[in-house]
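Subject: Structure handover and notes

Dear colleague,

I am passing on the structure below, together with some notes for a first reading. Please look through it before turning to the text.

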Amino acid sequence: MPGWQVDTSSATELSQLPAEARAYVGFVADQVGVPIHLVGVGPGREQFVRFGG
């Protein structure tokens with residue numbers, strides 16, 4: 001899968017992530033058969049992006 005070479009640590013919304021990152025999360029969810037709701041984008045507790053509803 002293609003990667004991305006941009007810093008995502010300040011992203012707070014799904015639309016702020018590169019398309020490649022969004023595609024990767026979708027791929028992982030499909031492979032494990034479990035929906036992904038939160039994705040960490042940094043080491044802080046507040047550094048996450050919400051996926052789906």
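Predicted model: local features only at pLDDT ≥ 70, side-chain atom pairs only at ≥ 80, totals over all residues.

Residues are numbered from 1 along each chain as its sequence is written, and side-chain values use heavy atoms, with hydrogens and water left out.

The chain as a whole

The protein chain has one helix and two strands, where helices (H or I, at least four residues) and strands (E, at least two) are DSSP runs numbered from the N terminus, and along the sequence they follow the pattern α-β-β. The radius of gyration of the protein chain is 11 Å, close to the 10 Å that the globule rule gives for 53 residues, so the chain is as compact as a globular protein of that length; this radius is taken over C-alpha atoms, and the rule is 2.2 Å times the number of residues to the power 0.38. Taken along the principal axes, the C-alpha atoms fill a box of roughly 25 × 25 × 20 Å.

Of the 53 residues in the protein chain, 23% are buried, a term that stands for under 20% relative accessible area, with exposed for over 50% and partly exposed for what lies in between (1.4 Å probe, protein chains only). The accessible surface comes to about 4000 Å², and 54% of this belongs to carbon and sulfur atoms, with areas from the Shrake-Rupley method and a 1.4 Å probe, and only the protein chains shown counting as cover for residues. Among contacts (heavy atoms within 4.5 Å) between residues at least 6 apart in sequence, 33% join residues at least 24 apart.

Helix H1

H1 has 14 residues and reaches 20 Å from its first C-alpha to its last, close to the 20 Å expected at 1.5 Å a residue, the expected span being 1.5 Å times one less than the number of residues. The buried residues of H1 are Ala-21, Val-25 and Ala-29. Seen down the axis of H1, these buried residues fall within an arc of 75°, so they line one face of the helix; the arc is that of the directions from the helix axis to the C-beta atoms. The buried residues of H1 pack against strand E1 (38–40), whereas Asp-30 and Gln-31, on the other side of H1, are exposed. After H1 comes Gly-33, whose phi is positive, near 75°.

In soluble globular proteins, nonpolar side chains tend to be buried together. Leaving aside neighbours within four places in sequence, Val-49 is in contact with residues including Ala-11, Leu-17, Val-39 and Val-41.

Single residues

Thr-8 lies in the segment before helix H1 (19–32) and counts as buried, because its relative accessibility is 17%. With neighbours within four places in sequence left aside, Thr-8 is in contact with Leu-17, Pro-18 and Val-41.

Glu-13 also belongs to the segment before H1 and is partly exposed, with a relative accessible area of 47%. Although Glu-13 and Phe-51 are 38 residues apart in sequence, they are 8.5 Å apart in space, C-alpha to C-alpha.

Pro-43 sits in the loop between E1 and strand E2 (48–50), and at 83% relative accessibility this proline counts as exposed. The C-alpha atoms of Pro-43 and Ser-9, 34 residues apart along the chain, are separated by 8.6 Å.
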